[in-house]
Amino acid sequence: MAPRVELVASGRREPDQVSSSAPASVPVPVVVELSLAELLVLSEQSGGARLPLDLASFLEPDSDDGEDLLEQRLDGATPSPRQRARTQLRAAVDEARERPEPSTARLVEAGLLDHAGTPTRGVVSALSLLAAPEALLVLDLAVTRGRGEDRLRSWFAVAGSHVAQLSTASGLVVELSWYDVGGLPAALARAATVDEGPGAKDHGAGVGSPLRLPFELFSDGTEAVRRGRPDILAELVRLAPPATWVAGEEVAPERVGALVANLEEAVSGRLRVLVTTPEAEGDAGRRKAGVVSWLRLGGGWRSLVPLVREGVPLVEITAVTPRDLARSVGPVLAQVL
Amino acid sequence: MSDETLSVTGGAAGIEAGYTDISLLATLLDEAGDDLRHDAWHDKALALNADLLESSILSPRTFVEAEGAVVAATVGPKGLALRAVGLEADALSIQVAVALLRGSDELTMQAMEALDYSLGHLLGGALPFLGLAGLAGGTTLLLSNPALAAYLAAHPELADEALADVQGFLEDHPDLVQHLLNGGGGLMDGLLGTLPPAVRTALLLEVGLAPFHGTTNDAAGDLAGLFGDTDVVVRPGEGPAPDFDAPGSLEDLLQDLGETNRGVDGRIDIQVVGEGDQARYIVHLPGTDSWGDDPGDARDLTANLQLVSGQDTAYTRGITEAMAAADIPPGAPVMLVGHSQGGMAAAHLAADAGFQSTYDVRHVVTAGAPTAQVGHVASGTQVLSLENSGDLVPLTDGEDNPDQPNRTTVVFDGRTGSIGENHSMDTYRAGGAAVDASDDPSIGHVLGSMRDDGFLGGNSRVQTQSFVITRDTP
């Protein structure tokens with residue numbers, strides 16, 4: 001086993017005082033599920049802390065609720081998804097603004113507000129962190145599982161060694177959590193974990209790993225598959241540089257088309273993490289942002305790594321697990337921070 | 001103000017108009033290809049009509065020639081049909097290119113939004129940062145957490161203890177702290193609720209989230225802006241080389257690396273300890289916050305933003321060029337010391353068979369560098385990785401670094417109030433001092449081998465050369 005040594009300090013903050021005398025104290029992680037109304041009440045009670053969710057356009061006075069209602073009446077009794085969404089949002093906002101008592105009571109019961117309605121220190125700090133992070137990781141995930149596309153958005157706000165995370169899959173229900181930065185790899189893994197249900201298989205296993213292929217086959221070749229045009233796919237394969245490899249073995253040209261088709265047919269979702277920090281500057285003084293991109297094949301994830309070899313843009317597609325997300329994000333952080 | 005006084009060039013609308021034109025052109029090309037393909041088969045059918053077929057009886061040889069010519073001109077390997085597919089392939093490539101540009105622009109806008117959002121930090125933030133704390137006494141809250149509830153259901157003997165003092169209970173059960181974050185299945189599935197996907201999608205749009213779909217072409221759009229690897233130029237550093245002494249300790253090594261780090265962007269230092277056959281080479285590799293000479297992309301939307309994927313190999317290639325320029329003899333004993341990206345580069349080089357066959361890489365020291373993604377390192381190389389438990393960059397979680405006996409990870413607690421300080425060379429130099437002072441046997445073994453190999457603790461003559469690595473952009 002690889003040696004791992006933990007030198008623990010006494011909680012002192014100055015680098016010169018790093019020592020190995022006593023266990024460090026790190027905050028216990030807190031994870032809580034809130035309704036949008038409860039989150040808005042918390043934000044309001046914390047001095048109007050800015051949230052990454054942007055309700056500004058929805059709340060504009062000239063918001064087109066009236067137009068929606070007219071449209072709904074003209075259309076008949078079945079509201080559109082947008083109309084249903086706006087109705088739900090309106091109810092949540094009204095609950096937070098006009099009738100906050102039930103939300104407040106639940107927040108007191110949960111220990112997030114004291115009996116005077118004042119947010120606890122941890123809540124204020126977490127919302128402060130979400131409002132003004134030193135670094136921000138934005139995770140988006142979308143998967144198709146039969147009935148439609150499910151989506152998750154998570155904001156990971158980091159300052160010092162603290163993380164505050166806000167996540168939602170609908171905008172109406174959120175999970176707010178805060179924890180030490182040491183908990184971030186596990187939190188990223190949890191965000192990348194998708195329940196496929198009992199008996200689900202990683203159908204993407206049919207696509208070998210790592211698969212390295214020219215970027216134009218990844219972009220154009222899969223598009224030809226989506227359009228049902230094997231003739232165009234064959235032409236693209238003929239034109240592409242011979243640079244397709246699976247598990248270190250070069251793929252014969254006559255097998256490349258089938259490989260691209262298998263890849264496209266197995267795709268069931270995508271994940272992306274954007275890494276930003278306001279102080280990051282790249283080459284020539286430009287601002288810098290990092291990107292991690294994964295693709296879901298069947299029931300399993302594949303990391304996507306852009307490479308250039310001998311002038312040819314390539315994509316390397318490698319089987320990964322949710323725990324590997326931190327390994328993908330780490331190098332980006334090193335480049336951005 | 002009249003319209004004549006306004007002059008607008010570029011901008012999102014201008015670019016979008018260009019995309020639309022290109023897409024239209026591709027559609028025309030596609031239709032032309034479609035028509036051509038149709039015509040090829042139609043012409044073949046027309047050409048091989050009844051009159052021609054009847055002529056085969058009268059002149060079979062001429063018929064064969066005529067038939068061959070018709071087939072060649074229509075559906076043969078250089079015929080119309082194939083050219084039609086070629087046209088359609090071109091059309092598809094143009095359409096995909098436009099989609100990729102749109103995807104890349106969308107990603108850039110998302111990144112700019114995130115950057116602008118986090119600018120609140122530089123402006124002082126909306127609220128005072130008080131320091132996070134767990135909720136002592138928040139029993140109800142913690143018990144409402146499905147992961148904890150499941151854990152306690154599986155361990156009923158712990159329930160009373162938990163109810164009595166949650167904070168103390170969790171501190172006494174660190175496995176449960178991880179369980180709180182790991183447990184309960186995936187995050188998304190717990191938040192979906194009962195609304196149909198279409199309504200959830202509409203809700204997310206209403207709360208300001210841009211559309212995000214799980215398709216290959218969307219993923220390709222993310223990648224399109226990330227092929228930024230460039231050639232490099234390596235030149236000798238200007239001015240006097242740093243006056244390093246032979247390092248006596250890990251702290252000394254990291255102090256020297258800090259000195260390199262304070263130099264110009266892209267500078268690395270190569271220190272020669274001893275002479276002749278006894279020469280040892282220490283390569284100091286700082287992080288690369290900002291280096292190179294990239295003039296930037298001319299397109300307006302991306303001109304102020306550089307997207308990176310963490311996969312840039314330009315720095316690593318520059319290091320090998322600099323080592324060659326320093327005339328380090330093949331097979332010479334080498335130590336690589338790197339911080340952040342420099343540590344990543346050092347670990348990658350140690351795992352590279354070609355690099356290992358050129359030099360005798362005895363030791364690698366990384367500070368604040370993610371190294372878990374680096375594969376197998378040759379057994380003759382000792383890797384010592386220092387990680388500040390409060391540093392975001394290595395993303396320490398206690399299990400990630402590969403399981404090799406020659407890779408030792410030391411985690412120390414050097415928490416400060418900021419990400420930058422947690423990741424700074426000063427913090428890692430202090431961590432190095434703590435490692436020097438440790439009596440841990442694993443640490444003792446690694447530091448002992450550095451001394452035995454002549455990299456630490458000698459009084460030999462030291463010479464240092466500096467090199468500067470810059471990008472060679474067209």
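Biologist: At roughly what angle do the axes of helix 1 (residues 36-45) of chain A and helix 4 (residues 81-98) of chain A cross?
Modeller: This is a predicted model, in which local features need pLDDT of at least 70, side-chain atom pairs count only at pLDDT 80 or more, and totals for chains, interfaces and linings use all residues. Residues are numbered from 1 along each chain as its sequence is written, while chains are lettered from A and ligands numbered from 1 in the order in which they are written. Helices are DSSP runs (H or I, at least four residues), numbered from the N terminus, and axes are lines fitted to C-alpha atoms over the stretch in contact, with angles from 0 to 180 degrees between N-to-C directions. The two axes come within 8 Å and cross at roughly 40 degrees.

Biologist: What does that make helix 1 of chain A relative to helix 4 of chain A?
Modeller: Angles under 35 degrees count as roughly parallel, over 145 as roughly antiparallel, 65 to 115 as roughly perpendicular and the rest as oblique. Helix 1 of chain A is therefore, relative to helix 4 of chain A, oblique.

Biologist: How many residues of this contact are charged?
Modeller: Helix 1 of chain A brings Leu36(A), Ala37(A), Leu40(A) and Val41(A), and helix 4 of chain A brings Ala92(A), Val93(A), Glu95(A) and Ala96(A); contact puts C-beta atoms, placed from the backbone, within 7 Å. Asp, Glu, Lys and Arg count as charged, Ala, Val, Leu, Ile, Met, Phe, Trp, Tyr, Cys and Pro as nonpolar, and the others, Gly among them, as polar. The contact has seven nonpolar residues, no polar, and the charged count is one.

Biologist: How are helix 13 of chain B and helix 14 of chain B oriented to each other?
Modeller: Helix 13 (residues 314-325) and helix 14 (residues 341-350) of chain B pack at about 65 degrees, with axes 10 Å apart. They are therefore roughly perpendicular.

Biologist: Is Arg309(A) buried or partly exposed?
Modeller: A residue is buried with 20 or more other C-beta atoms within 10 Å of its own, exposed with 12 or fewer, and partly exposed in between. Arg309(A) has 14, so it is partly exposed.

Definitions and conventions
Helix = DSSP H or I, 4+ residues; strand = E, 2+ residues; numbered from the N terminus. Contact = placed C-beta atoms within 7 Å.
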